[in-house]
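Please read these points with the model open.

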Amino acid sequence: MEEKGSISIHTENIFPIIKKFLYSDNEIFLRELVSNAVDAVQKIKRLAALGQYNGELGDPLVEVALDEEKKTITISDNGLGMTAEEIKKYINQVAFSGASEFVEKFKDAKDANEIIGKFGLGFYSAFMVADLVEIQTLSFQEGAEPAKWVCDGSTSYEISAGTRTTRGTDIILHINSESEEFLSKGKLNEILDKYGKFLPVPIKFGTETQSLPDGEDEEGKPKTKEVETDHIINTTAPLWTKAPADLSDQDYLDFYKQLYPFAEDPLFWIHLNVDYPFNLTGVLYFPKVKNDFDMQRNKIKLFSRQVFITDEVKDIVPEFLMLLHGVIDSPDIPLNVSRSFLQADSNVKKINSYITKKVADKLAELFNKDRKSYEEKWSDIGLFVKYGMVSEEKFYDKAKDFALLTNTKEENFTLDEYRDKVKDAQTDKNGQLVYIYTTEPAKQDSFIQAANKKGYDVLLMNSAIDTHFVSSLEHKLEKTALKRVDSSVASKLIETDEAVESVLTEEQSATVKSVFEKAIVKPGFTVEIVGLNPDEFPVTVTMDEFMRRMKEMAQMGGGMSFYGNMPDSYKVAINGNHKLVNRILQSTDAAEQNALAKQAVDLALLSQGMLTGAELTDFVNRSVELI
Ligand SMILES: Nc1ncnc2c1ncn2[C@@H]1O[C@H](COP(=O)(O)OP(=O)(O)OP(=O)(O)O)[C@@H](O)[C@H]1O
């Protein structure tokens, strides 16, 4: 049996093109060939199970062997093997179907993953690193003859009688001169570890020396002996392929350590397992969130039938869960196509909502089962939950029952609990509930204390996501407004019927107003005389809630550039009922009036950390003189 032929494609020579376009990712040749070998082993097992193969199965094994002298890498398996006819069909035709289309379409492709596989180029990726590829194979079929196929990277091949004596296939790569980096044990170990760590069939690469117990010596001490054993690079049944009922917490923690040796223990995890309408398994871990978000992204590893594909899971995992860690394994995710296609893929959309639902269910379960421990973890998981609520409607609907609001006393409430807590004290005269929050508890302390004094509760909204969370709550909660604690004087945060009137006459008000206007030289400050309780602050500087939010949005690039360009504007509220105002009115000395007003305004600014630089120095000097 000897046959020469030509691979039937229109293009003269596909290999230079494969090499050129795929060069940057050329290490995936090993992934492709080892996966093929694993497939072949699994196929023969299936045939045996179906009764279509009655011979000896042997221990399933794929072996990668390096011969540095001959400059070859051999991938061997004891799978189902191929007959010469099958080589012609699967290697010459199937593997080449679409090859010319490939050349046409992907002239501009940058990423090898986009191409390999989509056009069945898996096997041919061997030519990215080899200038001669040889197949030696013996089919499981009764009476099959061993076959050999050789191709030197041109479009012609040669099939002849092979030399393999046992069932299975060897793929022998004669590594080309540009790819000699792969002729290194270290390099191959690294690639095998990256892509093959969890393959379902043992992958042998060389041997290793192990110390095994070997009875006892004369003194009764345990003896060991050194044994050369196969170096198996993979765990064939990784955690995510097992049933959750058979796994302990320690198993999950150990697996996490295996994936991320340097990470702190995760908070909790979710075992994913669906087979309809798509197939997906995996384990997602909630890590302890650090401030360096970017470092923590892209930590989820995507597998297809236990072959590692990528850790770029964008589009498959909802954006708000990108900080999760773990593994997703799905043969239903189109791995080898471009991004835009992925986004439009209906399986990907379904997987996305499945993961969102699973995460929500898990959080609900933790909340219901052990609220105390849930609250302890809230500072870490709150970020995910809030981000999810802001960005996904469906998640909001589920999360509204277990999302927590934390107040300045560090007490936690669900949304419903919080409404019940504050509704009596914080409903305004129009029946609208007002939630008061602080973004910087230290800086806004005087406002917080003033609000507390009025019997108002103040929420902590000081994490990165809270600006958005506040807006989304306001949007979702019925008849509820959120106001930052310093957006108004305490008694005006919530408008009630029982307003305190200012005791000043119109004329007195005008006098006081003009004294303060003269005392404040900064632009953007508007003075207003208000009637407050005599024991509230004489002067309060506030920024309007609406204006501040618009400015914040402009800053974050939210499109409110009109507001972003407006100068800062503050309201200076003078408490007409405070005795200081009375003192100013009593005084006949303009300089004294001015000094009193200035001092009071500076004190208000100081309490909010708004007094800095020369103004602060002036204030200190003036205060020293006063005492
Ligand atoms: N080690 C092997 N043992 C038996 N058959 C093999 C082996 N390697 C390849 N084949 C056959 O050659 C075919 C083509 O392989 P190739 O890798 O090009 O494509 P594929 O495996 O079908 O798809 P993919 O592009 O996802 O790898 C396989 O489908 C299989 O039938």
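1. Conventions. Two strands pair if DSSP finds at least two bridges between them. Helices (H or I, at least four residues) and strands (E, at least two) are DSSP runs, numbered from the N terminus. This is a predicted model: local features need pLDDT of at least 70, side-chain atom pairs count only at pLDDT 80 or more, and totals for chains, interfaces and linings use all residues. Residues are numbered from 1 along each chain as its sequence is written.

2. Strand E11 and its partners. In E14, Val327 is the bridge partner of Val283. Five bridges join E11 to strand E14 (residues 325-329), and the two run antiparallel. Strand E10 (residues 268-274) is joined to E11 by seven bridges, also antiparallel. Leu272 has Gly282 in E11 as its bridge partner. E10 and E11 form a hairpin, with five residues between them.

3. Burial of E11. A residue is buried if 20 or more other C-beta atoms lie within 10 Å of its own, exposed if 12 or fewer, and partly exposed in between; C-beta atoms are placed from the backbone. In strand E11 (residues 280-286), seven of the seven residues are buried, so the strand is largely enclosed by the rest of the structure. In a regular strand the side chains alternate between the two faces of the sheet. Both faces of E11 are covered. Leu280, Gly282, Leu284 and Phe286 are buried on one side, and Thr281, Val283 and Tyr285 on the other.

4. H10 against H11. Axes are lines fitted to C-alpha atoms, for helices over the stretch in contact, and angles run from 0 to 180 degrees between N-to-C directions. Helix H10 (residues 346-369) packs on H11 at about 150 degrees, with the axes 8 Å apart. The two helices H10 and H11 are therefore roughly antiparallel (under 35 degrees is roughly parallel, over 145 roughly antiparallel, 65 to 115 roughly perpendicular, the rest oblique). Leu363, Leu366 and Phe367 of H10 make the contact with Arg371, Tyr374, Ile381 and Val385 of H11. Contact here requires C-beta atoms, placed from the backbone, within 7 Å. By class, this contact of H10 with H11 has six nonpolar, no polar and one charged residues. Ala, Val, Leu, Ile, Met, Phe, Trp, Tyr, Cys and Pro count as nonpolar, Asp, Glu, Lys and Arg as charged, and the others, Gly among them, as polar.

5. H11 against H15. Helix H11 (residues 371-391) and helix H15 (residues 466-476) pack at about 50 degrees, with their axes 9 Å apart. H11 and H15 are therefore oblique to each other. Lys386, Met389 and Val390 in H11 meet His468, Phe469 and Ser472 in H15. The contact of H11 with H15 has three nonpolar, two polar and one charged residues.

6. The three-stranded sheet. This open sheet has the order E18-E17-E19, with parallel pairing. Strands E18 (458-460) and E19 (480-484) stand at the edges with a single partner strand each, so one side of each is left without a neighbour in the sheet. Three bridges join strand E17 (residues 433-438) to E18. Thr438 stands opposite Leu460 in E18. H15 lies across E17 and E19, at about 155 degrees to E19.

7. Leu433. Where does Leu433 sit? Its place is in strand E17. Leu433 has 18 C-beta neighbours inside 10 Å, so it counts as partly exposed. Leaving out residues up to four places away in sequence, Leu433 touches Arg419, Lys423, Gln426, Thr427, Lys479 and Thr480.

Definitions and conventions. Contact = placed C-beta atoms within 7 Å.
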